[in-house]
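Hi everyone, thanks for making time today.

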Amino acid sequence: MDIGSPKFKLKLKRALLLSAGWSIAAGYIFVLQFTTLLIEFSRNAPVEFNFIGGLILTVVEVFIAGLLPAVFEVFYFTDRFRNKSFGYAVLMKTLFYTFGLSILTALVSIAEYYFLNEHFNSTFYDNSFGVFLTFFKWAPVFLISTFVMQVSDKFGHGVLWKFLLGKYHIPKVETRIFMFLDLKSSTSIAEALGHIKYFELINDFFYDVTDAIIETHGEIYQYVGDEIVISWTLKNGTNDENCLNCFFDITDVIRKLSEKYESKYGLVPSFKAGMHYGEVTVGEIGVMKRDIVFSGDVLNTTARIQELCNKYKVKLILSKDLLELLKVDNTFLIKELGQMNLRGRSAPVILYSVRKERF
């Protein structure tokens, strides 16, 4: 993975946040332990202890020590649990990290006892039951952190934090680019493969194309059957023609994985897409199940544009409005399809097909 890529930066950011969360938890445990010791020793003799220094040292130590397992979690462990249930992933990760920390604590205590001829002396492990205390103190921390990470993955990148921060608690108007990307011949493929096998095909396809979406700064808004709705802010979508490159990067990914799909499903999935941009209203909606929803004519228009791909036998169509925003170079082959009256829209739209020579 390229260390300068958006995917790497996203994963590194998550690892840093995870390590920071563990550091905050360590600081909280430190305060609780200090309070307990203060109460205990105040009955006998005053305690001389640098509270602020100890707290800072503890937080920094845990942050640095926690980076390695945090990087392991984000860059390796998460993908290994992709096909496991939510509860199973949370439980196994919690046990793995808790037992790992407990074993490390025991090894450090034994090493210091035998090689330094003294008991391990620290804020966290201050008696012979340090290993057991470590387990019971840190198990809830790892449980909460892995739970939050899993929930974040279920909501989608950044969505959980938008809920927590209340970014869209009050509806806002934003200008966004949308792409509706849909698998072709889905009905006939589903009949040939059967519903279960077809579902596995869709799941593999969505998983395989996610990196291309992340690399082009796209956000997965919705999965609708065999369709992905991808969104960009105006800045992210137009920068380096990210929204266009996303489609062709996805095409490239599926082409490289064609042998895998042929061997597993007997076919290589093909797809089509429509793109448009405009103003949408963004806000939280729902009672029993809350979601962040985009609302506006641009979504209906984009869906209608995507439907025209079969009629014109092309893979990608976008509106003139969007094309004029992009600095399209000669690597893209543009063809005007003409002015169209789209269903559900009064004003006509001028549309273009876009392709690349290598595709």
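Let me start with a question: is Lys320 buried, partly exposed or exposed? Lys320 is partly exposed, with a relative accessible area of 30%. For that wording, buried means under 20% relative accessible area, exposed means over 50%, and partly exposed is in between, using a 1.4 Å probe and protein chains only.

Two housekeeping notes. This is a predicted model, where local features need pLDDT of at least 70 and side-chain atom pairs count only at pLDDT 80 or more, while totals for chains, interfaces and linings use all residues. Residues are numbered from 1 along each chain as its sequence is written, and side-chain values use heavy atoms, with hydrogens and water left out.

Back to Lys320, which has a salt-bridge partner in Glu324, with the closest N and O atoms 3.9 Å apart. By salt bridge I mean a side-chain nitrogen of Lys or Arg within 4 Å of a carboxyl oxygen of Asp or Glu. The two residues sit four apart in helix α12 (residues 320-325), so about one helical turn separates Glu324 and Lys320. Helices here are DSSP runs of H or I with at least four residues, strands are runs of E with at least two, and both are numbered from the N terminus. Glu324 is exposed, at a relative accessible area of 57%.

By that rule, the count comes to 11 salt bridges. One of them pairs the side chains of Glu174 and Arg176, at 2.9 Å from N to O, and both of these residues are buried. Another joins Asp182 and Lys272, also 2.9 Å from N to O. Asp182 belongs to strand β1 (residues 172-183) and Lys272 to strand β4 (residues 271-285), so this pair ties together parts that are 90 residues apart in sequence. Both Asp182 and Lys272 are buried, and for Asp182 the relative accessible area is 13%.

What else does Asp182 touch? Leaving out residues up to four places away in sequence, its contacts are Asp226, Glu227, Ser270, Phe271, Lys272 and Gln306. Contact means heavy atoms within 4.5 Å.

Now for the helices. Helix α7 (residues 195-215) and helix α9 (residues 242-256) have axes that come within 9 Å and cross at roughly 135°. The axes are lines fitted to C-alpha atoms, for helices over the stretch in contact, with angles from 0 to 180 degrees between N-to-C directions. That makes α7 and α9 oblique to each other; angles under 35 degrees count as roughly parallel, over 145 as roughly antiparallel, 65 to 115 as roughly perpendicular, and the rest as oblique. On the α7 side the contact uses Phe205, Asp208, Val209, Ala212 and Ile213, and on the α9 side Cys246, Asp249, Ile250, Val253 and Ile254. These divide into eight nonpolar, no polar and two charged. In this scheme Ala, Val, Leu, Ile, Met, Phe, Trp, Tyr, Cys and Pro are nonpolar, Asp, Glu, Lys and Arg are charged, and the others, Gly among them, are polar.

Finally, α7 also meets helix α10 (residues 258-265), their axes coming within 11 Å and crossing at roughly 170°. The two are therefore roughly antiparallel. Lys197, Glu200, Leu201, Asp204, Phe205 and Asp208 of α7 make this contact with Lys260, Tyr261, Lys264 and Tyr265 of α10.
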